[in-house]
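Subject: Structure handover

Hi,

Here is the structure I promised to pass on. Please open it and keep it beside this email as you read.

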Amino acid sequence: MSKQIYVDGFLLTVKKDRIAEYKKIATAMAKLCKQFGALSYVEAMADDLSGHAWPHADFAKMAKAKDDEVVFFSYITYPN
């Protein structure tokens, strides 16, 4: 049997003028999660969601992003 991990995923929007503030919060969160056993913590900021080939994976639409917001997909992995 292969090793299985647990994943928490998050999709959120951040105002474009508050990205630096969000990155500070995410850095602190990554440290906290790892202290409590997380294997990894990933923050991915969308830079081009236009004309996506998979409409069911339209993160901007799912997150209801406004013109002044950017979409982040974040996930944390745990051993169980």
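This is a predicted model: local features need pLDDT of at least 70, side-chain atom pairs count only at pLDDT 80 or more; totals for chains, interfaces and linings use all residues.

Residues are numbered from 1 along each chain as its sequence is written, and side-chain values use heavy atoms, with hydrogens and water left out.

**Overall layout**

The protein has two helices and three strands. Their order from the N terminus is β-α-β-α-β. Both kinds of element are DSSP runs, numbered from the N terminus: helices are H or I with at least four residues, strands are E with at least two.

Of the 80 residues, 24% are buried. Buried means under 20% relative accessible area, exposed means over 50%, and partly exposed is in between (1.4 Å probe, protein chains only). The accessible surface is about 6,200 Å², and carbon and sulfur atoms hold 58% of it. Such areas come from the Shrake-Rupley method with a 1.4 Å probe; for residues, only the protein chains shown count as cover.

Now the contacts, meaning heavy atoms within 4.5 Å. Take those with a separation of 6 or more: 81% of them join residues 24 or more positions apart.

**Salt bridges**

Side chains of opposite charge can pair when their charged atoms come close. How many salt bridges does the structure hold? There are two. The term means a side-chain nitrogen of Lys or Arg within 4 Å of a carboxyl oxygen of Asp or Glu.

One joins D68 and K15, with the closest N and O atoms 3.0 Å apart. This pair links distant parts of the chain, 53 residues apart. D68 sits in the loop between α2 (59–62) and β3 (69–78), and K15 in strand β1 (residues 6–15). D68 is partly exposed at 35% relative accessibility. K15 is partly exposed too, at 34%.

R18 and E21 form another salt bridge, also at 3.0 Å from N to O. R18 has 44% relative accessibility, so it counts as partly exposed. E21 is partly exposed at 38%.

**Aromatic pairs**

The structure holds four aromatic pairs. Rings of Phe, Tyr and Trp (its six-membered ring) pair if their centres lie within 6.5 Å; planes under 30 degrees apart are stacked, over 60 edge-to-face, and the rest tilted.

Which way do the rings of Y6 and Y78 meet? Their planes are at 45°, so the pair is tilted, with centres 6.1 Å apart. Y6 is in strand β1 and Y78 in strand β3, so the pair ties together parts 72 residues apart in sequence. Y6 is partly exposed at 42%, whereas Y78 is buried at 18%.

Y22 and F72 make a tilted pair as well: 4.7 Å centre to centre, with 50° between the planes. Y22 lies in helix α1 (residues 19–35) and F72 in strand β3, so this pair ties together parts 50 residues apart. Both Y22 and F72 are buried.

Ring pairs also link F59, F73 and Y75 into a cluster.

**Nonpolar patch**

I5, V7 and L39 form a nonpolar patch on the surface, with about 260 Å² of accessible area together. Patches are made of residues with over 30% relative accessible area and no salt bridge: like charges are joined within 9 Å, nonpolar side chains (Val, Leu, Ile, Met, Phe, Trp, Tyr) within 5 Å. I5 lies in the segment before β1. I5 is partly exposed, at 47%.

Best wishes
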